[in-house]
Amino acid sequence: MQASHDTHDHAHGDHGDHAHHGRAPGLMGWFTTTNHKDIGTMYLWFSFVMFLVGGAMSLVIRGELFAPGLQYVSPEFYNQMLTLHALIMVFGAIMPAFVGFANWMIPMMVGAPDMAFARMNNWSFWLLPPAAILLTGSLFVPGGAAGTGWTLYPPLSVQMGLGMDMAIFAVHILGMSSIMGSINIITTILNMRAPGMTLMRMPMFCWTWLVTAFLLIASMPILAGAVTMLLTDRHFGTSFFNAAGGGDPVLFQHIFWFFGHPEVYIIALPAFGVVSHVIPAFSRKHLFGYTSMVYAIAAIGLISFFVWAHHMYVTGIPLTGQLYFMYATLLIAVPTGVKVFNWITTMWRGELTFETPMLFALGFLFLFTVGGLTGLVLAITAVDIQLQDTYYVVAHFHYVMVAGALFSAYAGAYFWLPKWTGRMYDEALGKVHFWTSIVFFNVAFFPQHFLGLAGMPRRIPDYATQFTDFNAVSSIGAFGFGFSQLIFLWVVLKNIKGGEAAPVKPWDGATGLEWTLPSPVPYHTFEDPPVITEEHLAAAH
Amino acid sequence: MMTAIPVTNYRIASGLGLVAIASFLFAYIQPPLYRAFCEWTGIYDVQKADEFRASATVGRPITMEFDANTHGTGLRFTALQTSLPMHTGELVQVNFRVENLSNHSITGQAVPSYGPKHAANFVKKLDCFCFRQQVFAPGEVRVMPVVFALDRNLPSDIGTVTLSYTFFEVPGGVGSSNNTGSAANGASTSGSGI
């Protein structure tokens, strides 16, 4: 199946001594590695560290909101916390986590020896730490970090200090990293599949990433354009967003959300992909409706470019525009519904077992649907005008981002961890992690629906006293959820140190090429293309 | 491990790179695209719904009087109609004429006043030359419209409403260079569209 380790048939003279057996020893090895598994590991660790940093910031927010009045932080610092929390979670935690999964799994799933452009892959990763340093470091410059919210709306973003420039530069770097990563993923999927691995036999995770990578390449440069305009407005005398100079601040919102809505699906689609592997494996059935799943992914990707102004109902867009964006947004529920029903149908009459990956996948399915439903509520213009910028919106997007994307990432991590490290993780601890996460998550975010409906605005460090009880409950949930995530760190460290050896295929219902490789996976895999047979295919019909 | 990268990989990568560059440029051509799209479809007029409501039914008869004067400008400003019998709720258009008597271009701004004063809240203007600064070339003659309706809630003690405009010159205004002036006007018009 895979070539033996001592076959060196390739030209890598330029690559020095480490190319043959593994990465160079020590820290330098991590800097210079071009191995997709090493880079995937670095992405995953990076995203987890950023997740803890962003999480700590959210606890500052929830700590302040535990009681009305100003307790611990100034309003300016509060704004910086919520801005950095969002930027770090979106660009530093969730996106790199799924790029990490892509790096690890896509070559193994399509039977390729590595990513198409291995050196560029190294560069995509190593652009991330400077961006992270810029973002977190901006807290310590005069004036502090950007306090505009992650949407960076002018005129505030044109007026802020040095921290804003650092955020803009960080966004540029992160954008470049994402575009390079996406070029790599698309090329790998289109060009490096093993013979017999046709597109319509490809595992669902690869399909979701193929569409996601296209979304990234088409939308990240638009964000780069928007922040470049901000930068030139700030320092070079242009007036893109300055009404006094003939510009329009609302223009920024149009450009930002033309990126921002595809971004939502950039985060959600790979999560759909992971769940499409986990649910069939623990239902011991093939994924129901493979072809419809592929078309649903493509449809979601396409429609996501045409709904951006549903974030802007109160900017004075014409009635015709409001109606169009409302109907177009509601339309997305159709392909998303196809996916949700296919997952449910996959479980129908399956032989279900509930190991940790399956629990997280079911948690995803349940809570993502809740978040999707509140999304439909918010899509309705008449309702949104009431709920715009309230905690209802905060609750909505945390249900899709945390219980959606993050739970799916956990499902994937527990699912493939035995393959990566060659050892089984502690199942009991994993279950504790799941149950504490799902309970505290709902304690934290469900009351926020009520707060939003009652009119509590987001991004304000203080609130009217009638909101006190729900805020206190929400803060308790947030702290519980935050500390529950350390259980995951414990599980992973314990797994790296030792544990029961994992078999080649620890989940008896799992399908796909990656489960034909030994556990742990050798450093080099599929140097000779594998023979694709029906039972290898997660995507078998 | 590094294998030689096949040429087709580079072809795909450069194609995708071009898509990325095109997306970046797309961010910059959005304003003209929005303007063109909104003008083409005519959806940028937020006030349109009110216009139909105003013309749906008419209320009581009333007399409108129009007055025009200038404040130290080289403009001759006249109302083409001084009196108009109409109804509340009825959408009407009246025209004003401006002539630039000087030999240089003048930037002016018309400021309305109402008689009686509290009638101001009941004059609903859909379009007016007074919404923006106007630039007049030397010797230019221009006829400019006001489109408005009188609210049907106009207090019953008012039988005649006078609408008076005074043209003020804007010193060193946006019109001191014609181009900037029209650019700013264009932007503010499309601002309501996007």
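**Close-up views of helix packing and backbone geometry**

**View 1. Helices H4 and H7 of chain A.** Helix H4 (residues 118-126) of chain A packs against helix H7 (residues 162-191) of chain A at an angle of about 150 degrees, and their axes are 8 Å apart. That makes H4(A) roughly antiparallel to H7(A). The crossing of this pair, H4(A) and H7(A), is left-handed. H4(A) contributes Met120(A), Asn121(A), Trp123(A) and Ser124(A) to the contact, and H7(A) contributes Ser177(A), Met180(A), Gly181(A) and Asn184(A). By class, the contact of H4(A) with H7(A) has three nonpolar, five polar and no charged residues.

The model is predicted: local features need pLDDT of at least 70, side-chain atom pairs count only at pLDDT 80 or more, and totals for chains, interfaces and linings use all residues. Residues are numbered from 1 along each chain as its sequence is written, while chains are lettered from A and ligands numbered from 1 in the order in which they are written.

Terms: helices (H or I, at least four residues) and strands (E, at least two) are DSSP runs, numbered from the N terminus. Axes are lines fitted to C-alpha atoms, for helices over the stretch in contact, and angles run from 0 to 180 degrees between N-to-C directions. Under 35 degrees is roughly parallel, over 145 roughly antiparallel, 65 to 115 roughly perpendicular, and the rest oblique. A crossing is left-handed if the near helix is turned anticlockwise from the far one by less than a right angle, and right-handed if clockwise. Residues are in contact if their C-beta atoms, placed from the backbone, lie within 7 Å. Ala, Val, Leu, Ile, Met, Phe, Trp, Tyr, Cys and Pro are nonpolar; Asp, Glu, Lys and Arg are charged; the others, Gly among them, are polar.

**View 2. H7 of chain A against H1 of chain B.** H7(A) also packs with helix H1 (residues 7-41) of chain B, at an angle of about 140 degrees and with axes 9 Å apart. H7(A) is therefore oblique to H1(B). The crossing of H7(A) and H1(B) is right-handed. Residues of H7(A) in the contact include Ile179(A), Ile183(A) and Leu190(A); those of H1(B) include Ile12(B), Leu16(B) and Ala20(B). The contact of H7(A) with H1(B) divides into eight nonpolar, five polar and no charged residues.

**View 3. Helices H9 and H14 of chain A.** Helix H9 (residues 249-283) of chain A meets helix H14 (residues 391-421) of chain A at an angle of about 45 degrees, with axes 9 Å apart. H9(A) and H14(A) are therefore oblique to each other. Their crossing is left-handed. Among the residues in contact are Ala271(A) and Val275(A) in H9(A), and Gly404(A) and Phe415(A) in H14(A).

View 4. H15 (residues 427-453) of chain A has 27 residues. H15(A) reaches 39 Å from its first C-alpha to its last, close to the 39 Å expected at 1.5 Å a residue (1.5 Å times one less than the number of residues). A kink of about 25 degrees lies at Val443(A), shortly before the proline Pro447(A); the bend is the angle between axes fitted to the seven residues ending there and the seven starting there. Gly455(A) follows H15(A) and has a positive phi, near 100 degrees. Arg459(A) is not a glycine, yet its phi is positive, about 65 degrees. Arg459(A) sits in the loop between H15 and H16 of chain A.

**View 5. Cis peptide bonds.** Ser519(A) and Pro520(A) are joined by a cis peptide bond with omega about -5 degrees. Pro520(A) lies in the segment after helix H16 (468-497) of chain A. In chain B, the bond from Gly115(B) to Pro116(B) is cis, with omega near -10 degrees. Pro116(B) is in the loop between strand E5 (106-115) and strand E6 (123-128) of chain B.

Terms used: Two residues are in contact if their C-beta atoms, placed from the backbone, lie within 7 Å.
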